[in-house]
Amino acid sequence: MSLELCHCMNVFPGTTPEEKMRAFAGPLADLRRLLPGASSRPFPVGVWIDAATASALQASGRVGEWTARIRDQGYYARTANAFPYGVFHGQEVKTAVYHPDWTTPERLHFTTAVADILCGLMPDGQDDGAISTMPGGYKEHVPAAKLPMLAANMLAAAAALRDLRDRRGKTIRLGFEMEPDCLWESVEEFAAFYNRYIRGHELADFIGVCYDTCHQEVIGARPGAGLDYLAAQGIPVVKIQLSAAVRAPAGRAAKELLREYFQDRVYLHQTCAVDAAGKVRARWRDLPDALAAEQWEHDWLCHFHVPVYLREFMGGLRAANAELLAVLERLRENPAPQCVLEIETYSYNVLPDAVKSASLAACMQQEMAFVQEALVTR
C-alpha cells in the first residue's frame with residue numbers, strides 16, 4: 001500500500017514558530033523512535049500553521065529558515081491545516097474556531113500565507129499538496145447574501161495557489177472540511193455550492209474537499225456514501241482526515257459518562273440522537289445542550305475526536321467509527337495516492353486519563369498501526 005499517512009499537528013498547542021518547533025524535537029521525535037526505521041528516513045507530518053505563526057514568520061523574513069530547520073531534522077509536509085486561525089488549546093474555543101470565516105479578507109490572506117509556508121516543507125519530487133480549511137463559516141453566521149463574497153474569496157485563494165504553482169512548481173489545493181452546524185455539513189450541501197459558484201471556473205481545479213470521517217459520522221451519513229457521492233459529482237477529495245467520534249448507547253447511564261468525562265470547556269461537541277436504523281432523531285449544538293434535553297432513549301453520536309484504534313471503552317461507550325472503517329475499506333480497494341491521509345485526534349489533551357495511552361507518541365503509534373493494518377487487511 002503506497003498511501004502516505006501522517007498525523008495532524010493541531011494536537012500540539014503553541015502559536016509561535018519556536019513553540020511549534022518544539023513538537024518536532026519532542027513527541028514527533030518520540031513517535032519516530034517507536035516506528036522501526038522512521039528515524040532514518042524523511043518523515044511526513046500534517047502541519048498546523050496558525051495566523052500568529054504565519055504572520056511572525058513572514059514579518060521576520062524567516063519562512064525559508066524555519067522550513068529548512070524542519071527539513072534538516074528529517075521532516076516534510078504535503079499538507080497543512082489552516083482551519084483553526086488562533087489559539088486552539090487550553091482556553092475556550094467553541095464557535096470561535098469558525099472566525100474569521102471565508103467572507104473575510106483575513107481568512108483569505110491567512111490561507112495564502114499558509115500555502116507559501118507549506119511550499120517550503122514539500123520535498124523535491126512531490127509536487128501535490130493540500131490545505132484543509134473551514135466549511136465556509138458557522139451556518140448561523142453566514143447569511144445567504146454573503147455567499148457571492150465568500151465564493152469570490154475562495155476563488156481569490158485559488159488564484160493565489162495557481163500563481164504559487166507557476167512560481168514554485170508546487171500544486172496546492174484547498175480542501176473545505178464539512179462539519180455539523182456549519183455552512184456545509186454534508187457532501188450534498190457542498191456540492192450545491194460548488195455547482196453554483198465553482199464548477200466550470202478556470203480555477204476550479206484548486207478547490208476540493210477535506211473529508212473528515214468523524215464529522216460525517218456525527219451527521220448520521222450512510223458510511224462511505226459521501227466519498228461515493230463526491231466521486232460521482234466529480235468533486236476532488238484532496239485530503240481525508242481519519243478520525244472517530246463517540247457513541248453512547250441508549251439509556252441514561254452511558255450519557256452520564258459523557259457528562260462526567262467528556263464535557264470540556266475548550267471544544268464544541270455537536271451531538272445527535274440516532275435510532276436503530278441510523279436515522280437522526282434529534283440534534284444539539286453542544287454536548288451540554290444534549291444532556292440538558294434528557295432524551296435518553298436513543299444512541300447518541302458526539303463530535304469528540306477519540307483515538308482511531310478505540311472500540312469499546314468506559315462502561316459501554318464505543319468509538320463511532322463506521323464512516324472511518326468504510327473509508328479505509330474504499331482506500332484499500334482503490335488507493336488514491338494523490339489524496340493526503342491525515343489522522344486527526346486533536347482532542348487528545350482533553351481526553352479522560354482512562355482513554356489515553358502511556359504518552360501522546362504511543363497513542364500516535366497505535367493509531368498509525370491501526371490504519372496501516374486496515375489498509376492491507378480484509
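Are Tyr98 and Tyr138 buried or exposed? Both Tyr98 and Tyr138 are buried, where buried means under 20% relative accessible area, exposed means over 50%, and partly exposed lies in between (1.4 Å probe, protein chains only). The model is predicted, so local features need pLDDT of at least 70 and side-chain atom pairs count only at pLDDT 80 or more, while totals for chains, interfaces and linings use all residues. Residues are numbered from 1 along each chain as its sequence is written, and side-chain values use heavy atoms, with hydrogens and water left out.

The structure holds 20 aromatic pairs. Rings of Phe, Tyr and Trp (its six-membered ring) pair if their centres lie within 6.5 Å. Planes under 30 degrees apart count as stacked, over 60 as edge-to-face, and the rest as tilted. Tyr98 and Tyr138 form a stacked pair, at 5.0 Å centre to centre with 20 degrees between the planes. Tyr98 lies in the loop between β3 (75-81) and α5 (105-121), and Tyr138 in the loop between β4 (128-133) and α6 (147-168), so the pair ties together parts that are 40 residues apart in sequence. Helices (H or I, at least four residues) and strands (E, at least two) are DSSP runs, numbered from the N terminus.

Phe193 and Tyr197 form another pair. Their ring centres are 4.8 Å apart and their planes stand at 35 degrees, so the pair is tilted. Phe193 and Tyr197 are four residues apart in helix α7 (residues 187-197), and about one helical turn separates them. Both Phe193 and Tyr197 are buried. Ring pairs also link them into a cluster with Trp102, Phe176, Trp184, Phe190 and Tyr194.

Charged side chains also meet rings. A charge sits over a ring if NZ of Lys or CZ of Arg is within 6 Å of the ring centre and within 35 degrees of the ring normal. Lys20 lies over the face of Trp48, 3.7 Å from the ring centre. The charged end of Arg32 sits over the ring of Tyr75, at 4.6 Å from its centre.

The largest nonpolar core has 132 residues. A nonpolar core is a set of buried Ala, Val, Leu, Ile, Met, Phe, Trp, Tyr and Cys residues joined through side-chain atoms within 4.5 Å. Tyr211, Ile240, Phe262, Trp300 and Leu317 touch the most other members. A second, separate core of seven residues includes Val218, Ala245, Cys272 and Leu301. Contact means heavy atoms within 4.5 Å. Leaving aside neighbours within four places in sequence, the contacts of Phe262 include Val246, Leu257, His269, Phe304 and Leu317.

Side chains of opposite charge can pair when their charged atoms come close. A salt bridge is a side-chain nitrogen of Lys or Arg within 4 Å of a carboxyl oxygen of Asp or Glu. By this rule the count comes to 25 salt bridges. Asp30 and Arg33 form one of them, at 2.3 Å from N to O. Asp30 and Arg33 are three residues apart in helix α2 (residues 27-34), about one helical turn. Asp30 is partly exposed, at 31% relative accessible area. Arg33 is exposed, at 57%.

A salt bridge also joins Arg173 and Asp128, at 3.6 Å from N to O. This pair links distant parts of the chain, with Arg173 in strand β5 (residues 171-177) and Asp128 in strand β4, 45 residues apart. Arg173 counts as buried, at 19% relative accessibility. Asp128 is partly exposed, at 34% relative accessible area. Asp166 bridges to Arg165, with the closest N and O atoms 3.1 Å apart. Salt bridges that share partners join Lys139, Asp181, Glu185, Glu189 and Arg283 into one network.

Five of the six residues of β4 are buried, so this strand is largely enclosed by the rest of the structure. Three bridges join β3 to β4, and the two strands run parallel. Two strands pair if DSSP finds at least two bridges between them. Thr79 stands opposite Ala130 in β4.

Arg311 is placed in the loop between β11 (299-306) and β12 (312-313). Arg311 is exposed, with a relative accessible area of 62%. Arg311 and Ala244 are 67 residues apart in sequence and 9.9 Å apart in space, C-alpha to C-alpha. Not counting residues up to four places away in sequence, Arg311 touches Leu317, Arg318, Ala319 and Phe370.
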